[in-house]
Amino acid sequence: MNRSIHRRSAATAAAVVLAFGLTACSSSGDDASSEASSTPDTSEMTEDTEMAMGPFGPGCAAVPTSGEGSVEGMADDPVATAASNNPLLKTLVKAVTAADLGDTLNGAPALTVFAPTDDAFAKVPAADLDALLADKDQLTTVLTHHVVEGEIAPEDLAGEHETLAGDTITVEGSGEEFMVGEASVICGNVPTANATVYVVDSVLMP
């Protein structure tokens, strides 16, 4: 009888140990699964950060903080109209009007525009600028040299891009510092309804 009791006790103990072991394994598996599911996907976070990147550059400080000429206001209008509301781009707007390019730019589905500021145009000798504004064909070539089909995000900006003038421009840099030839991007990644604008400090000559 004592042997029977001992056998039952041993069997019971073994069953308890086995059950505990299975419970522990199950709990460990659940914890591992929980940890795996709670680990953030860094690749998705990086993509979200890039997509959320707003305008950058020291020149953005000169953009109005409210109204139609602000970053938020420009986002509501197509690119030529948006530029006309920005006080930094008056000479560019004058040139676009002289070349009759306003409707063309506003009607395009997606563009990237390198927009020279008034100070950029001021670097051009006055006589040369007046002559350019009076020559519609040459003016159109110069202006379309600043425009690329499609909207280019900052992470894709560096490299060669074909312009609407049929030639190419080369952008160098990364992050928030870019050069387009001899011109610096002073306020980049500015959205409009149909374009992404990179404001530059020099006129790009073909």
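**Notebook: pocket and disulfide**

I looked at the lining of the largest pocket and found that α4 gives the most to it, with six residues. The model is predicted, so I kept local features to pLDDT of at least 70 and side-chain atom pairs to 80 or more, while totals for chains, interfaces and linings use all residues. Numbering runs from 1 along each chain as its sequence is written, and side-chain values use heavy atoms, without hydrogens and water.

**Pocket.** I get a volume of about 240 Å³ for the largest pocket. A pocket here is an open set of points on a 1 Å grid over the protein atoms alone, where a 1.4 Å probe fits, with protein on both sides within 12 Å along at least five of seven lines; lining residues have an atom within 4 Å of a point. Among its 24 lining residues, A83, L92, V96, L105 and V113 are the closest to the centre. Elements giving two or more residues are α4 (79-84), α5 (90-98), α6 (102-107), β1 (111-116) and α9 (136-144); helices (H or I, at least four residues) and strands (E, at least two) are DSSP runs.

**Disulfide.** My search of the whole structure gave one disulfide (cysteine sulfur atoms within 2.5 Å). C60 and C187 form it, with their sulfur atoms 2.1 Å apart. C60 sits in the loop between α2 (42-52) and α3 (71-74) and C187 in strand β6 (residues 183-191), so the pair ties together parts 127 residues apart in sequence. The S-S torsion is about 100°, so I noted the disulfide as right-handed. Both C60 and C187 are buried (under 20% relative accessible area, 1.4 Å probe, protein chains only).

Notes:
Buried means under 20% relative accessible area, exposed over 50%, partly exposed in between (1.4 Å probe, protein chains only). Grid points are joined across faces, edges and corners, and a volume is the space filled by probe spheres set on the points.
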